[in-house]
Amino acid sequence: METISPWSRFWRSGVLHSCSTAISGNYDGAIRTFWNAQFDALQNGERVVDIGTGNGALPLLAKDSAARRGIFLDIHGVDIADIDPPATVKGGEKTYEGVKFHPKTSSAHLPFPDGSVTLVCSQFAFEYTPRQATISEILRVIGRDGRAAFVVHSDRSIIATISEQQLAGCCYLLQGDIFANAHAMIGVLSKAPNPALRSALANDPHAESARTAFNTSAAALMEMMAANENAAILRKTADQIRNALSAAGHQKSIALSILDSAQAAVNDEKLRLQQLRRALVNPDELAAIASFFRSAGYTVTSSSLEQRPGIEMGWTLVVGNG
């Protein structure tokens, strides 16, 4: 549960997919083109199952494909996290109408009969799973007539590069003293709710010591932000700390809640990024995954996926039955 909980909280925040900071709305560009090709090959009444669905970005693309072609698809989203997209995402009841979600469900134990799934798909999720058990389960549910398609993290992608900078930012925030010093400053500012009392703080040795310590750690954070432009977690946390300090003079409990939430969010981000690092797929691992499917009698094609020229997002892997 310690592994799963950060993702449950992430999806409950309402983001549609894990690339939401770079891609607004649903997947677009080359990613969308790849998935449209997979979904447009489905026929009326066929079942598609998305593994590691999160808040259902791929099910929505499948639903769009069906609507565009005037057919019905039996669409399912499976995730081991505690997801609930219709309740979490704004307008979710209507948006996900017709999509069936299966929260707290392992990819190694899919709730579908043998050979009942036409297409198993997964975007940046298959590589997190226990691979051999998941592959065996995928082969069970697609049988001899089904297919599978994946986009998986590459160890040489832009996501891998940016994630390392994000992870470094998380470690800096959690191992440093910025949160402790901000906490101390909230204690000081909460005792001076008006300008007169705040001016008097200049003569308070304890307040001056807290201010000096916070200013030192804040300046170091600014330098870290300048040196790590891709570590958005640093900017986000700096804004949250600023909001916490602004609230300190009005209500200490609110200020501390903002600060504690910011620290918890950084810790969750760190855990997710550490999992991503372990999930990165190198060329040899990709070949091994493909070989496992081929040994079971399926055709496999794979390639690098570039969202834009020179911007590699990951690997594609398509498993066929021909």
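**Note on the predicted model: loops, helices and strands**

1. Lys 104 sits in the loop between E3 and E4, where E stands for a strand and H for a helix, both taken as DSSP runs numbered from the N terminus, with at least four residues of H or I for a helix and at least two of E for a strand. Although Lys 104 is not a glycine, its phi is positive, at about 50°. Lys 104 counts as exposed because its relative accessible area is 59%; the cut-offs are over 50% for exposed, under 20% for buried, and partly exposed in between, with a 1.4 Å probe and protein chains only.

2. Before going further, please keep in mind that this is a predicted model, in which local features need pLDDT of at least 70 and side-chain atom pairs count only at pLDDT 80 or more, while totals for chains, interfaces and linings use all residues. Residues are numbered from 1 along each chain as its sequence is written, and side-chain values use heavy atoms, with hydrogens and water left out.

3. Taken as a whole, the chain has 13 helices and 7 strands, and its C-alpha trace spans about 80 × 40 × 35 Å along the principal axes. Of its 322 residues, 49% count as buried. The accessible surface, computed by the Shrake-Rupley method with a 1.4 Å probe and, for residues, with only the protein chains shown as cover, comes to about 15000 Å², and 53% of that belongs to carbon and sulfur atoms.

4. As for charge, Lys and Arg are taken as positive and Asp and Glu as negative, leaving out His and the chain ends, and each charge is placed at NZ of Lys, CZ of Arg, CG of Asp or CD of Glu. The mean positions of the 29 positive and 31 negative charges are then 3 Å apart.

5. Phe 124 belongs to the loop between E4 and helix H6 (131-142), and Phe 124 counts as buried because its relative accessibility is 6%.

6. Strand E1 (residues 47-51) has 4 of its 5 residues buried, so the rest of the structure largely encloses it. E1 runs parallel to strand E2 (residues 74-78), and the two are joined by 5 bridges, where pairing requires that DSSP finds at least two bridges between two strands. One of the residues concerned is Arg 47, whose bridge partner in E2 is Asp 74.

7. Helix H3 (residues 57-69) has 13 residues, which at 1.5 Å a residue should span 18 Å, and this agrees with the 19 Å between its end C-alpha atoms; the expected span is 1.5 Å times one less than the number of residues. Among the buried residues of H3 are Leu 58, Leu 60, Leu 61 and Ala 66, and what covers the buried residues includes helix H2 (29-39), E1 and E2. After H3 comes Gly 70, whose phi is positive, near 70°.

8. Helix H10 (residues 205-227) can be checked in a similar way: its 23 residues should span 33 Å, and its end C-alpha atoms are 33 Å apart, which agrees. Its buried residues include Ala 207, Ala 210, Phe 214, Ser 217 and Leu 221. As background, an α-helix has 3.6 residues a turn, so residues three or four places apart point the same way. Helices H7 (158-175), H8 (178-189) and H11 (232-248) are included in what covers the buried residues of H10.

9. Ser 163, in helix H7, counts as buried because its relative accessible area is 10%; leaving aside neighbours within four places in sequence, Ser 163 is in contact with Leu 273 and Leu 276. Gln 38, in helix H2, is likewise buried, at a relative accessible area of 9%, and beyond residues up to four places away in sequence Gln 38 touches Leu 119, Arg 147, Ala 149 and Val 318.

10. Finally, Arg 277 lies in helix H12 (residues 252-279) and is partly exposed, with a relative accessible area of 44%. Not counting residues up to four places away in sequence, Arg 277 touches Glu 164 and Leu 167. Arg 277 and Asn 44 are 233 residues apart in sequence and 39 Å apart in space, C-alpha to C-alpha.

Notes
Contact means heavy atoms within 4.5 Å.
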